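Keep the model open as you read.

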Amino acid sequence: PLVLRFTQAYIMKVIARHIIMTIGLCILTLPLWSKVYTPTTLPMVHLEDRTRYTCNPDGILSAAAVSTMDSIFYALEQQTGIQTIVAVVGEIDPADCFEFAHALFTAQGVGQQGKDNGLVILLSTEERCIQFVTGYGLEGSLPDAICKRIQSKYMVHLLGDERWDEAMVAGSRALYNHLMGDPTLINEERQEADDDLISFILFMATVILILVSIVYIYIAVRKELQCPKCKKY
């Protein structure tokens, strides 16, 4: 009957509408379902393939960026023995980047035995942070000051625009170049230290000049206010 057909069509239309709404709701709430990683649950790709170094479980980086970074750190390990783990994730637990990166470094035992020359690079897009952690064997060639310079010069401005691929590749290349002996960052650090020293010397000279001027003016004024006969002011 015609009524039954209309009824069936209406029911199918309602069901289809609910299905579409459900799918849309799932898409909208998908970010809420993203996995929270801990230092022990983060999938370590280097355990499956020794030529891979970049853990990218949330797909934040493109395949091309991951491949480029893996090539950089493979070449670094082959030429220097430095072992690297790169973790690019959304949400982390603990939420503190410094604490998470150190825990990851300890949990994975990064670096050659007896040399402690491991390097961990962590990017958390939810926490909006980038963190480098080095073993004691790397502190001489990769001190905190150089790590911060690499981040500020090559990465931070790109990360602020959520250009994850460009930031991580640029930082990886800067690390490689520095560890392979490029003196650019060290020279910049020294130049900055020299500039800071010169600025400090100029500041102190200005302060001394002002103090001397104040003392001179004070003595001159008191002399003018002093009675030449009774010596009272």
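Gln151 sits in helix α4, which spans residues 144–160. Leaving aside residues up to four places away in sequence, Gln151 touches Ile130, Gln131, Phe132 and Val156. A contact here means heavy atoms within 4.5 Å.

The model is predicted: local features need pLDDT of at least 70, side-chain atom pairs count only at pLDDT 80 or more, and totals for chains, interfaces and linings use all residues. Numbering runs from 1 along each chain as its sequence is written, and side-chain values use heavy atoms, with hydrogens and water left out.

**Overall layout**

The protein chain has six helices and six strands. Both are DSSP runs numbered from the N terminus: helices are H or I with at least four residues, strands are E with at least two. Along the sequence the order is α-β-β-α-β-β-α-β-β-α-α-α. Of the 233 residues in the chain, 32% are buried. Among contacts with a separation of 6 or more, 61% join residues 24 or more positions apart.

**The largest pocket**

The largest pocket holds about 280 Å³ of space. Its lining has 17 residues, and those closest to the centre are His102, Phe132, Val133, Thr134 and Asp144.

Some terms need their cut-offs. On a 1 Å grid over the protein atoms alone, a pocket is an open set of points with protein on both sides within 12 Å along at least five of seven lines; lining residues have an atom within 4 Å of a point. Grid points are joined across faces, edges and corners, and the volume is the space filled by probe spheres set on the points.

Thr134 lies in strand β6, residues 129–134. Its relative accessibility is 15%, so Thr134 counts as buried. Beyond residues up to four places away in sequence, Thr134 touches Phe105, Gly118, Leu119, Glu139 and Leu142.

**Cysteines**

The structure holds one disulfide, defined as a pair of cysteine sulfur atoms within 2.5 Å. The partners are Cys97 and Cys129, with sulfur atoms 1.6 Å apart. This pair links distant parts of the chain: Cys97 is in helix α3 and Cys129 in strand β6, 32 residues apart. The link is right-handed, with 45° about the S-S bond.

Cys97 is buried at 7% relative accessible area. Cys129 also counts as buried, at 16%. Two further cysteines are buried: Cys55 at 1% and Cys147 at 4%.

**Salt bridges**

The structure holds four salt bridges. Each is a side-chain nitrogen of Lys or Arg within 4 Å of a carboxyl oxygen of Asp or Glu.

| Pair | N to O distance |
|---|---|
| Arg50 and Glu77 | 4.0 Å |
| Arg128 and Glu162 | 3.1 Å |
| Arg163 and Glu166 | 2.8 Å |

Arg50 is in the loop between β1 (36–37) and β2 (54–55), and Glu77 is in helix α2 (residues 63–80), so this bridge ties together parts 27 residues apart in sequence. Arg50 is partly exposed at 47% relative accessibility, whereas Glu77 is buried at 16%.

Glu162 lies in the loop between α4 and α5 (164–179), and Arg128 in the loop between β5 (118–124) and β6, so their bridge ties together parts 34 residues apart in sequence. Glu162 is partly exposed at 46%. Arg128 is partly exposed too, at 47%.

Glu166 is partly exposed at 42%, and Arg163 is partly exposed at 34%. With Asp161, Arg163 and Glu166 are linked in a network of salt bridges.

Definitions and conventions
Buried means under 20% relative accessible area, exposed over 50%, partly exposed in between (1.4 Å probe, protein chains only). On a 1 Å grid over the protein atoms alone, a cavity is a set of points where a 1.4 Å probe fits but cannot get out, and a pocket is an open set with protein on both sides within 12 Å along at least five of seven lines; lining residues have an atom within 4 Å of a point.
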